[in-house]
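Thanks for coming, everyone. I'll walk through one structure today, piece by piece. Have a look at it first.

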Amino acid sequence: MEEYDFDHKIVEVNGINMHVVEKGQGPFVLFIHGFPELWYSWRHQIIFMAKHGYRAVAPDLRGYGDTTGVPKDDPSKFSSLRVVGDLVELLNTIVPEEDKVFVVGHDWGALIAWNLCLLRPDKVKALVNMSVPFSPRNPKRKPIESLKAIYGDDYYIVRFQEPGVMEAEFAKTGTKKVLENYLTYRNPGPLYLPKGKPFDDSPVILPSWLSQKEVDYFASKYEQTGFTGGFNYYRALDLNWELTAAWSGAKVKVPVKFIVGDLDLTYNTPGAKDYINKGGMKKDVPLLEKVVILENVGHFLQQEKPDEINKHIHDFFKGFSCT
């Protein structure tokens, strides 16, 4: 899968230069990636949806890959309001003729997609979201103190908070090794990154669905940018909590299909299975049409099981009018 299979462009949006990859013609599908990922996480889906009559578009989010123009030393520039703003502006710029588009999100991209639906439901025709369920805002407690209380100081999100610390540890480990460990993580338990030694020394055996060449693509981009851009999304979690007070109790009012692997750490966090399967998420996302739990599948499900994920996306979107 070479880069020349895709159309690459830089689009000026919201004061940044956003790198966007697209393929195909037809109804617009926006793919939103997570951490530590890139547009490239959607390579299988872009090709599939383009072949099936859609215009598949995947940006590198601010702070990632070939998107430039964001000061990385300021986590406040990475709030959900800004990132959603980037995407709304992108849609207004490159697909002004479509009032609503299809959206697919994974990991941080799922969180951003939930926020896009809360802030601008008028822009979204239907959403396929993966890995990260909707999380209603807790007005009583900030996210980082909650996570610290539940998981302690070595929990990855807590470890990411202090600028420069994890950057130095990841640099010591080596970019490629960090990405190999991350992209192959299949432990359903919480991710801990102990101080001074976030990963053990054992060599990473790549699974059949992830080639060395694919890892090298991710690594080549992170070698250029470092990890600070990605960490800043986590560093803005408490700021997001402050900025989104007006949406406390708001519901997601777009049609949604939610997909998660049963080995995904997100599915195995305390309370997640009950919330997803026993009606809690349906109350917050009233147009939730389907929940799919993939057996023996980890966090990076769109890369691990591309054929199944492609079919789930296509089957859901084709149920909606393309006008």
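H8 has V21 in β2 as its bridge partner. This is a predicted model, where local features need pLDDT of at least 70, side-chain atom pairs count only at pLDDT 80 or more, and totals for chains, interfaces and linings use all residues. Residues are numbered from 1 along each chain as its sequence is written, and side-chain values use heavy atoms, with hydrogens and water left out.

Back to the strands. Strand β1 covers residues 7–13 and strand β2 covers residues 16–23; they run antiparallel, joined by 7 bridges. Strands count as paired if DSSP finds at least two bridges between them. Strands here are DSSP runs of E, at least two residues, and helices are runs of H or I, at least four, numbered from the N terminus. β1 and β2 make a hairpin with 2 residues between them. In that turn, N14 has a positive phi of about 55°.

Some more backbone points. Most residues other than glycine have a negative phi, and most peptide bonds are trans. Now the exceptions. The peptide bond from F35 to P36 is cis, with omega near -5°. P36 sits in the loop between β3 (28–32) and α1 (43–51). D107 is not a glycine, yet its phi is positive, about 60°. Look for D107 in the loop between β5 (101–106) and α3 (108–119). Is D107 buried or exposed? D107 counts as buried, at 9% relative accessibility. Buried means under 20% relative accessible area, exposed over 50%, and partly exposed in between, with a 1.4 Å probe and protein chains only. N296 also has a positive phi, near 60°. N296 is in the loop between β8 (288–294) and α13.

Next, the core. The largest nonpolar core has 106 residues. Such a core is a set of buried Ala, Val, Leu, Ile, Met, Phe, Trp, Tyr and Cys residues joined through side-chain atoms within 4.5 Å. Y156, F160, F170, Y182 and F317 have the most contacts inside it. Take F170. Not counting residues up to four places away in sequence, F170 touches several residues, including F160, Y182, F227 and F231. Contact means heavy atoms within 4.5 Å.

How many aromatic pairs does the structure hold? There are 35. One involves F227 and F231: the ring centres are 6.1 Å apart and the planes are at 25°, so this pair is stacked. The cut-offs: rings of Phe, Tyr and Trp (its six-membered ring) pair if their centres lie within 6.5 Å; planes under 30 degrees apart are stacked, over 60 edge-to-face, the rest tilted. F227 and F231 are both buried.

Now helix α7, residues 175–183. Of its 9 residues, 7 are buried, so α7 is largely enclosed by the rest of the structure. The buried ones include E180 and N181. The buried residues of α7 pack against α5 (156–159), α6 (165–173), α8 (212–225) and α13 (301–304).

Last stop, helix α14, residues 306–317, where N310 is found. N310 is buried, with a relative accessible area of 4%. Leaving aside neighbours within four places in sequence, N310 contacts H44, Q45 and F48. H312 is buried, at 17% relative accessible area. With neighbours within four places in sequence left aside, H312 contacts K257, I259, V292 and L294.
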